[in-house]
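User: I want to learn how to read the features of a structure one by one. Please take me through this one.

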Amino acid sequence: VCPAVRKALIDAAKLAGVEVRKQGAYICIEGPQFSTRAESLSYRMMNVDVIGMTNMPEAKLAREAHIHYATIALPTDYDCWHESEENVTVEQVMRVASEGLEKVVLILKQLIQQPSFEDCGCKSWIANAVMTDPKYIPADTKKKLSLILQEDK
């Protein structure tokens with residue numbers, strides 16, 4: 001997660017009047033699916049705050065592509081651990097997600113007024129991603145890894 005984009009999103013949400021929770025534990029599950037009660041209870045035992053299906057692959061791909069990345073997670077339901085709530089339906093999730101989209105638009109309207117994030121340091125993460133001495137990496141492998149290899153030109 002890019003710290004500069006994260007901070008800008010938090011600031012933008014506050015300016016937009018959208019409630020923000022600045023931290024929490026996210027678990028990425030394969031989807032689309034609803035959790036079973038046993039799965040839901042096990043996530044609660046792990047102190048997971050948000051269950052999602054996309055954040056981890058998105059964050060990993062953004063890092064590989066040197067894209068500044070942060071998450072806006074908008075809860076749609078309590079999952080099935082919350083026994084006083086009705087079982088979750090696709091229709092409920094879609095309705096709540098649609099309502100959440102209005103909040104995202106408000107946040108993004110504030111965010112686009114923020115300065116560039118070029119000086120945040122995100123691009124330096126790759127410096128130690130490949131431990132092999134470049135002189136031992138074959139030319140065809142260097143070409144395949146060109147997006148992540150940081151060689152002096």
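Analyst: We start with confidence and the overall fold, then turn to single residues.

User: What should I know before reading any value?

Analyst: This is a predicted model; local features need pLDDT of at least 70, side-chain atom pairs count only at pLDDT 80 or more, and totals for chains, interfaces and linings use all residues. Residues are numbered from 1 along each chain as its sequence is written, and side-chain values use heavy atoms, with hydrogens and water left out.

User: How do I read the confidence, and which element has the lowest mean pLDDT?

Analyst: pLDDT is the predictor's confidence in each residue, from 0 to 100. The protein chain averages 82, and 86% of the residues score at least 70. Among the elements, helix H3 (residues 55–64) has the lowest mean, 84. Helix H1 (residues 3–16) has the highest, 90.

User: How many helices and strands are there?

Analyst: Elements are DSSP runs, numbered from the N terminus: helices are H or I with at least four residues, strands E with at least two. The protein chain has 5 helices and 2 strands. Their order from the N terminus is α-β-α-β-α-α-α.

User: What do burial and contacts say about the chain as a whole?

Analyst: Buried means under 20% relative accessible area, exposed over 50%, and partly exposed in between (1.4 Å probe, protein chains only). Of the 153 residues in the protein chain, 21% are buried. Contact means heavy atoms within 4.5 Å. Take the contacts between residues at least 6 apart in sequence: 64% join residues at least 24 apart.

User: Why does the end-to-end distance of H1 agree with its length?

Analyst: The expected span of a helix is 1.5 Å times one less than its number of residues. H1 has 14 residues, so it should span 20 Å, and its end C-alpha atoms are 20 Å apart. Its buried residues include Val5, Ala8 and Leu9. Helix H4 (90–111) is among what covers the buried residues of H1. Gly17 follows H1 and has a positive phi, near 80 degrees.

User: Is Asn55 buried or exposed, and what does its side chain meet?

Analyst: Asn55 lies in helix H3. Asn55 counts as buried because its relative accessible area is 15%. A polar contact is a pair of N or O atoms within 3.5 Å; within protein, one must be able to donate a hydrogen and the other to accept it, and residues adjacent in sequence count only if both atoms are side-chain atoms. The side chain of Asn55 makes one with the side chain of Thr71, at 2.4 Å. Leaving aside neighbours within four places in sequence, Asn55 is in contact with Tyr26, Tyr69 and Thr71.

User: Now a loop residue. Where is Asp49, and which residues does it touch?

Analyst: Asp49 sits in the loop between helix H2 (37–45) and strand S2 (50–52). Its relative accessible area is 38%, so Asp49 is partly exposed. Not counting residues up to four places away in sequence, Asp49 touches Arg21, Gly24 and Ala25.
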